[in-house]
2 protein chains.
Amino acid sequence: MKPVSRFRPGFRWDDVALEPYKPEDAHYRDVSRQVLFGADAGLAAELRYFEIAPGGWTTLERHAHVHAVLVLRGAGRVLVGEALFDVAPFDRVRVPPRTWHQLRAADDAPLGFLCLVDALRDRPERPGPDDLAALRADPERAAFLRV
Amino acid sequence: MKPVSRFRPGFRWDDVALEPYKPEDAHYRDVSRQVLFGADAGLAAELRYFEIAPGGWTTLERHAHVHAVLVLRGAGRVLVGEALFDVAPFDRVRVPPRTWHQLRAADDAPLGFLCLVDALRDRPERPGPDDLAALRADPERAAFLRV
C-alpha cells in the first residue's frame, strides 16, 4: 500500500477497488464497498467505506461484533435495535453487539459512511419470522424495514 | 454510548470530549483530540479525530503500530518515512510500522483527520540526534520538520 491514496471525485480513492457490498446476498439494494484499510493493513480492525445509492438499503442483520460508523456523505436513516435515527455527515453511530440494524439512503441522496469492524469477527445473522414480527410491531419500524 | 452522536459545527460531536492532543509533550503545537470510538467501544481498535490549527504540527515520532489516517477537513502536509505529501479531504494515509511521521496544517487552514490505531499498541519514540541528522539531510524535509 502506498503511503497516500488520493481522494477522487465520486468518493473513490486511488488504489482502492470498488466492490459490491456483499457478493452473495439478495437482501440489500444498491450498496457498494471500498476497503480503505483491510486485513493487509497491519491493524486489528478494518475500515471500509460503504455507499448506498438513493433509495437503497443494507441487509437487516445482527452479530456479536460492534459496528463503528461515521457518516461521510448524503443523508439517510438507520435502525439500531428498536430505534430509528436520521443521520447526516459526520454523525457517529455505534451498533452494539447482537443488535438488529439496517441503513437506508434517502430517496433523493446517497448515504456514504465509514464502518470500522474488528478484523476477527463473527458472521452476520438474518432475522427469522419471530424476529421480524417483533421488529414490525412498531408501525414506523415496519414501514422502514426492507428484507 | 448512545447509538448516535450528532455532528456539530466546528467539528465537534455530542458526547465526545475535546481534549489536548497529548497531555505531557511539548513537541507539538495547536493540536486537539476527540476520541470517537475509544477503549470502551468494544473494538480491537480506536478511532480518534485530531485537528491541527493553522500553522500547527503533531509530534515527530515513530512506533511499531500502524497509523491509518483519513483526512476530513482543511489542508496540510505529511511526512511518512522519507517522503512528504500534500493532503486534502478525504485522502487516505498509511504510516507503516517504525516509520518517522509528522503532520502539519497549512498556514491558512486547519488539518482535521481520523486516525485509527490498535487498542493495544506500543508507545511512540522520538528521534535522537542521529535520526534528526538523517531526516534533515534533505533540504525539503529539513524545512518541514518541527521538533
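Mentor: Two strands pair if DSSP finds at least two bridges between them. Keep that in mind for what follows. The model is predicted.

Start with strand β8 of chain B, residues 76-80. Four of its five residues are buried, so β8(B) is mostly covered. Strand β9 of chain B, residues 83-87, is joined to β8(B) by five bridges. The two run antiparallel. In this pairing L79(B) stands opposite L84(B).

β8(B) has another partner. Strand β11 of chain B, residues 101-105, pairs with β8(B) over five bridges, again in the antiparallel sense. Take two positions in this pairing. G76(B) is opposite A105(B), and V80(B) is opposite H101(B). β11(B) is mostly covered too: five of its five residues are buried. Now look at the directions. H101(B), L103(B) and A105(B) point one way from β11(B). Q102(B) and R104(B) point the other way. Residues on both sides of the strand are buried.

Next, the contact between the chains. Chain A gives 32 residues and chain B gives 32 residues. On the chain A side, the elements that give two or more residues are β1, β5, β6, β7, β9, β10 and β12. By class, that side has 25 nonpolar, two polar and five charged residues. Strand pairing also crosses between the chains. Two bridges join β10(A) to strand β1 of chain B, residues 4-5, and these strands run antiparallel. There V93(A) stands opposite V4(B).

How are the copies related? A rotation of 180 degrees, with 0.0 Å of shift along its axis, superposes chain A on chain B at an RMSD of 0.0 Å. The two copies are thus related as by a two-fold rotation axis. Of the interface residues of chain A, 100% are also interface residues in chain B, so the copies meet through the same surface.

Then the core. In soluble globular proteins, nonpolar side chains tend to be buried together. The largest nonpolar core here has 66 residues. L116(A) and L116(B) have the most contacts inside that core. Leaving aside neighbours within four places in sequence, L116(B) is in contact with F37(A), L43(A), A45(A), L47(A) and L116(A) in chain A. In chain B, the contacts of L116(B) are A45(B), L47(B) and A68(B).

Finish with a residue on chain A. P54(A) lies in strand β6 of chain A, residues 45-57. P54(A) has 15 other C-beta atoms within 10 Å, so it is partly exposed. Not counting residues up to four places away in sequence, P54(A) touches A105(A), A106(A), D107(A), D108(A), A109(A) and P110(A). L111(A) is 57 residues from P54(A) along the chain, yet their C-alpha atoms are separated by 7.3 Å.

Conventions
Residues are numbered from 1 along each chain as its sequence is written. Chains are lettered from A and ligands numbered from 1 in the order in which they are written. This is a predicted model: local features need pLDDT of at least 70, side-chain atom pairs count only at pLDDT 80 or more; totals for chains, interfaces and linings use all residues. A residue is buried if 20 or more other C-beta atoms lie within 10 Å of its own, exposed if 12 or fewer, and partly exposed in between; C-beta atoms are placed from the backbone. Two residues are in contact if their C-beta atoms, placed from the backbone, lie within 7 Å. Ala, Val, Leu, Ile, Met, Phe, Trp, Tyr, Cys and Pro count as nonpolar, Asp, Glu, Lys and Arg as charged, and the others, Gly among them, as polar. Copies are superposed by least squares on the C-alpha atoms of residues with pLDDT of at least 70 in both. A nonpolar core is a set of buried Ala, Val, Leu, Ile, Met, Phe, Trp, Tyr and Cys residues joined through C-beta atoms within 7 Å.
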